[in-house]
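Okay, thanks for making time, everyone.

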Amino acid sequence: MQMTKRNSGFTLIELLVVMVLIGLLLSIAVPTYFVHIDRAKETVLHEDLVRMRDAIDKFYGDAGVYPESLEEMVVKRYLRKIPVDPITERADTWVIVPPVRKDMGKVFDVKSGASGRAHDGSDYASW
């Protein structure tokens, strides 16, 4: 009796079909993934702006003047740290809006220093 030996494994064609299917699935999933990453950054930016503006208002309520800088708000414990702008990925790109009266401090509002537009069509700098 002679036994035939069969090679087990995948053929080149089977491997190519699997690779094509994986590539097809990735080409569908990856763009959606990056859109979700961008929207998450926008959500974090909104939340950071809300938190910093709330801290500025609390500072004004306690001191009667606006802070001289964002660093002063950290020193006086109104913020734990200056948040990183998620769009620019830097903490030093915040745009400071001064109050109308010069004797009331220097930080009336904070805006993002990021250029570009959000998914809703508005500019990051206008938030």
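Let's start on the inside: which residues have the most contacts inside the largest nonpolar core? They are Leu 49, Leu 70, Met 73, Trp 94 and Val 110, in a core of 19 residues. By a nonpolar core I mean a set of buried Ala, Val, Leu, Ile, Met, Phe, Trp, Tyr and Cys residues joined through side-chain atoms within 4.5 Å. Helix 1 and helix 2, the latter covering 70–75, are the elements that give two or more residues to this core. Helix 1 has the largest share, with six residues.

Before I go on, two housekeeping points. This is a predicted model, where local features need pLDDT of at least 70 and side-chain atom pairs count only at pLDDT 80 or more, while totals for chains, interfaces and linings use all residues. Residues are numbered from 1 along each chain as its sequence is written, and side-chain values use heavy atoms, with hydrogens and water left out.

Now the overall layout. The protein chain has two helices and two strands, and from the N terminus they run α-α-β-β. Helices here are DSSP runs of H or I with at least four residues, strands are runs of E with at least two, and both are numbered from the N terminus.

How does the radius of gyration look for 127 residues? The protein chain has 27 Å, whereas a compact globule of that length would be near 14 Å. That radius is taken over C-alpha atoms, and the globule rule is 2.2 Å times the number of residues to the power 0.38. Along the principal axes, the C-alpha atoms fill a box of roughly 105 × 30 × 20 Å. As for burial, 24% of the 127 residues count as buried. Buried means under 20% relative accessible area, exposed is over 50%, and partly exposed is in between, with a 1.4 Å probe and protein chains only.

What about aromatic pairs? The whole structure has five of them. Tyr 33 and Phe 34 have ring centres 5.4 Å apart and planes at 70°, so they are edge-to-face. For the record, rings of Phe, Tyr and Trp (its six-membered ring) pair if their centres lie within 6.5 Å; planes under 30 degrees apart are stacked, over 60 edge-to-face, and the rest tilted. Elsewhere, Tyr 60, Tyr 66 and Phe 108 form one aromatic cluster.

Next, charges. How many salt bridges does the structure hold? Nine, counting a side-chain nitrogen of Lys or Arg within 4 Å of a carboxyl oxygen of Asp or Glu. One of them joins Lys 41 and Glu 89, at 3.4 Å from N to O. Lys 41 is in helix 1 and Glu 89 in the loop between helix 2 and strand 1, so the pair ties together parts 48 residues apart in sequence. Lys 41 is partly exposed at 27%, while Glu 89 is exposed at 56%. Glu 89 also has a phi near 60°, a positive value in a residue other than glycine.

Then there's Glu 68 with Lys 106, whose closest N and O atoms are 3.9 Å apart. That pair links distant parts of the chain, 38 residues apart: Glu 68 is in the loop between helix 1 and helix 2, and Lys 106 in the loop between strand 1 and strand 2 (109–111).

Last stop, Arg 77. It's in the loop between helix 2 and strand 1 (95–97), exposed at 70% relative accessibility, with a positive phi near 65°. That's my tour, thanks!
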